[in-house]
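Reader: I would like to go through the labels attached to this model and see what each one rests on. Please set the value against the criterion each time.

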Amino acid sequence: MMMMMMMRGFSRVAGGSVVGPLGRAGAQRWLFIRTSGTPNPECQKFHAQGLQLLQGTRVLDYTSASAGVKSPLAVRLFQVPGVKAVFIAAEYITVTKEEDKAWADLEPGIFSAIENWKNSGEVIVDDTVHHDDTAPSPEDDEVVTDIKEMLDSKIRPMVQRDGGNIRYVGFEDGVVYLQMQGACSSCPSSASTLKNGIERIMMHWIPEVSGIREVQQGEVEAMLDLWAKSKSFKGHQFMAKPDGECKDSGPAPKEAKAAAH
């Protein structure tokens with residue numbers, strides 16, 4: 001980890017966090033940003049001390065500059081050459097870089113982007129409508145309620161420690177559909193995390209769960225839209241290939257449970 005102190009025209013390496021001016025009189029004067037690695041070498045976490053980015057379990061996952069246009073913070077970060085994806089959680093930001101770029105080259109620009117966003121007074125995202133994927137729903141049966149509770153209390157905190165997140169998409173005929181976000185979305189070990197970690201925990205504590213399937217970024221909204229119309233993924237179910245890509249596997253089983261709302 002590296003710590004850099006930045007004071008109006010002055011900078012020096014100090015060791016562990018980054019310090020930047022916050023600007024106006026009467027406001028907090030310095031912004032401390034600490035970096036930490038993740039299991040994915042192309043992803044790094046940036047923790048801004050004392051800065052609450054989002055509330056509760058809400059997260060923002062932007063895999064491209066066009067996807068992040070509603071977030072002024074994401075827009076600034078994507079302007080840093082080499083930034084490939086941005087994931088924002090309550091107390092940290094995970095940045096994914098292009099493989100041929102070095103963190104030493106990206107970090108100063110990322111630090112400045114966060115500092116300038118904070119000084120600007122801009123909101124973190126201009127769309128305040130948010131749906132918590134694991135919030136209780138009147139349509140949830142006991143099994144879906146148990147799945148959501150386990151994701152919130154056990155699995156999500158574990159994944160977020162590594163700079164990522166996990167999103168509940170749905171549950172049908174014993175299969176839990178999840179989307180990996182942040183550092184976990186492109187991590188080489190994400191498939192192992194799903195199968196050897198999350199799936200084992202789910203199947204052990206919730207007997208009705210027979211497996212976990214990963215849903216890719218581009219398929220999530222299509223799945224949720226299909227569920228909203230038919231209360232089933234039948235007819236166009238997205239299954240994860242061994243390499244993590246999704247495909248249409250044909251008709252889904254008849255029995256359905258519940259999807260995120």
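Author: The model is a predicted one.

Reader: What makes G163 buried or exposed?

Author: The relative accessible area of G163 is 0%. Buried means under 20%, so G163 is buried.

Reader: Which residues is G163 in contact with, leaving aside its neighbours within four places in sequence?

Author: They are T38, K45, F87, Y92, T94, G182 and A183. Contact here requires heavy atoms within 4.5 Å.

Reader: The structure holds three aromatic pairs. Why is the pair F46 and F111 called edge-to-face?

Author: The ring centres of F46 and F111 are 5.9 Å apart and the planes are at 70°. Pairing needs centres within 6.5 Å, and planes over 60 degrees apart count as edge-to-face. The pair is therefore edge-to-face. F46 lies in strand β5 (residues 43-48) and F111 in helix α2 (residues 103-120), so the pair ties together parts that are 65 residues apart in sequence. With W103, these two residues form one aromatic cluster.

Reader: How do you know whether F46 and F111 are buried or exposed?

Author: F46 has 2% relative accessibility and F111 has a relative accessible area of 0%. The limit for buried is under 20%, so F46 counts as buried, and so does F111.

Reader: What makes up the largest nonpolar core?

Author: This core has 28 residues, of which L73, I88, I93, I110 and I114 touch the most other members. The largest share, seven residues, comes from α2. Leaving aside sequence neighbours within four places, I93 is in contact with residues including F46, L53, L73, I88 and I114. A second, separate core of 20 residues includes I155, Y168, V176 and L194.

Reader: How much of the protein is buried?

Author: Buried residues make up 49% of the 261 residues.

Terms used: Residues numbered from 1 in each chain as written. Predicted model: local features only at pLDDT ≥ 70, side-chain atom pairs only at ≥ 80, totals over all residues. Heavy atoms only, no water. Buried < 20%, exposed > 50% of the residue type's maximum accessible area, 1.4 Å probe, protein only. Phe/Tyr/Trp six-rings, centres within 6.5 Å; stacked < 30°, edge-to-face > 60°. Helix = DSSP H or I, 4+ residues; strand = E, 2+ residues; numbered from the N terminus. Core = buried A, V, L, I, M, F, W, Y, C linked by side-chain atoms within 4.5 Å.
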